Amino acid sequence: MKKKVKIIAAGALALVIALSAVFTLLNPRAVRTETLETAPLTQTFREEGTLLSRDSYTVEAKSSGTVRSLLVPVGERVLAGAPILSLDDADYWENLDREIALLRLQEEALSSSGGAQGVAASLSYEQLSQQLFAMEQGYDALFGQRGQAKQAVEAAKSQFDSAANAWAGADQLLSMGAISQADYTALEGGYLSAQAAYDAALYQASEENRTHYAQQIGSMERQVAIARDNRGNLQETSRLELAQVQIKRRALEEKLAVKSVSVPFDGVVGSILVKPGDYVTEHQPLATVHGSGARYVQVSFLDEDAYQIPLGQTVTCQMSDGSTLTGTVTFVSSVVEEVASSIGLQEERRRVEITIPNLPDTLSTGGKVQISCAVTLETDLHTVSAGAVFPQEGGFAVYVVEGGKLRLFPVETGLRGDGRVAVVGELPDGARVVLDPYEDGLKPGMRVKSAG
């Protein structure tokens, strides 16, 4: 009896297995597939940009002080020259007044013959010039065309000869009592004086003295030239210093004439960067104002994305009012900037500008714009869903439904974009590639059917 039961059970199991095989054969497993086609591969880049005006202007503080009040709210239209806010900056302007007064005193000092140094340089030049003139006159008196050196020698020699003759008989006359001792002394003195004068005249007319004069005149000419240059340099320096002081003084006076924090043209206040009670310093940005000039969208793309975006690329722009407009990339900066991301990491980004024709006036300048830019990376590629590719023996592969069965095809992968990947292999056009290769139980050779 037990043996008969076992036989019946075994037969029932065999029947179930057989029926299961028949069911599997008649009802293959459904798998999701896509048709392999040759098509362009695109990558969509998405970023947030800002609608700006070509004549946007950043209002800066003209002084240092505390913000007293804001005079115009964001979004308000303002006219050229209208104040944006008020500052408590009286101390700043008082210090500016004092600085202008000091500059005026400095101007007066520099205007007075170039100052003390200029006066000293001019006096030195005049003194040296007078000494040079005296030397030149002395040289001309001796060796010039009307020089008297030779005549002076002849006159001194004549006087010396006369004195020598008188002195020659003085001893005899004194011994004879013909002259007194005083006369004798006078004749001796006259002789010695005439001899000294004759020696001096000979030296004055000598070539040695001529050479000495020439050397002294040359040296003095060089000193005069240096003094003249020094005087000129000091005068030029003083002139430049005076000009710089005057420029600085006029700039401060112009600054003093316009104290209010205002805008240079008619426009709309885009943002206020400070609040009442804040202390601001000179040139600190306070607000932005957008004029009525041509408008464009500015967006910062990651560097690796920006280099793939060509000029003329079509861009989809979702505006701040919810409308969707089409724009064109008209500028891609070649400068890479370090920008902190929302989580504090440094990113390399480049500025891109997008032009949108016929922008409605109702769109607010400064509003945020959601950018979607689909760039064609390559044309005529076999691409599949990135999830259809799986690792296989050191490479990659896909499953293809062929003849009602799964067939494994090794492939090489290439460019990736928008969730797709380019593949190269023995895949024919029109092949049905399995989208979910990781489903349980899938293996080469099993019977399947395409579910779409």
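Predicted model: local features only at pLDDT ≥ 70, side-chain atom pairs only at ≥ 80, totals over all residues.
Visitor: Why is α4 called roughly antiparallel to α6?
Guide: Helix α4 (residues 149-168) and helix α6 (residues 181-204) pack at an angle of about 155°, with their axes 8 Å apart. Angles run from 0 to 180 degrees between N-to-C directions, and those over 145 count as roughly antiparallel, so α4 is roughly antiparallel to α6.

Visitor: Which residues make the contact between these helices?
Guide: With contact meaning heavy atoms within 4.5 Å, the contributors include Ala156, Phe160 and Trp167 of α4, and Tyr184, Leu187 and Tyr191 of α6. The contact of α4 with α6 divides into 16 nonpolar, three polar and two charged residues, where Asp, Glu, Lys and Arg count as charged, Ala, Val, Leu, Ile, Met, Phe, Trp, Tyr, Cys and Pro as nonpolar, and the others, Gly among them, as polar.

Visitor: What makes a space a pocket and not a cavity?
Guide: On a 1 Å grid over the protein atoms alone, a cavity is a set of points where a 1.4 Å probe fits but cannot get out, whereas a pocket is an open set with protein on both sides within 12 Å along at least five of seven lines; lining residues have an atom within 4 Å of a point. The largest pocket holds about 470 Å³ of space, and its lining has 22 residues, with Gly291, Ser292, Arg295, Leu363 and Thr365 nearest its centre.

Visitor: Which strand gives the most to the lining of the second largest pocket?
Guide: That strand is β3, with four residues. The second largest pocket has a volume of about 170 Å³, and its lining includes Glu48, Gln298 and Lys368.

Key. Residues numbered from 1 in each chain as written. Heavy atoms only, no water. Points joined across faces, edges and corners; volume = space filled by probe spheres on them. Helix = DSSP H or I, 4+ residues; strand = E, 2+ residues; numbered from the N terminus. Parallel < 35°, antiparallel > 145°, perpendicular 65-115°, else oblique.
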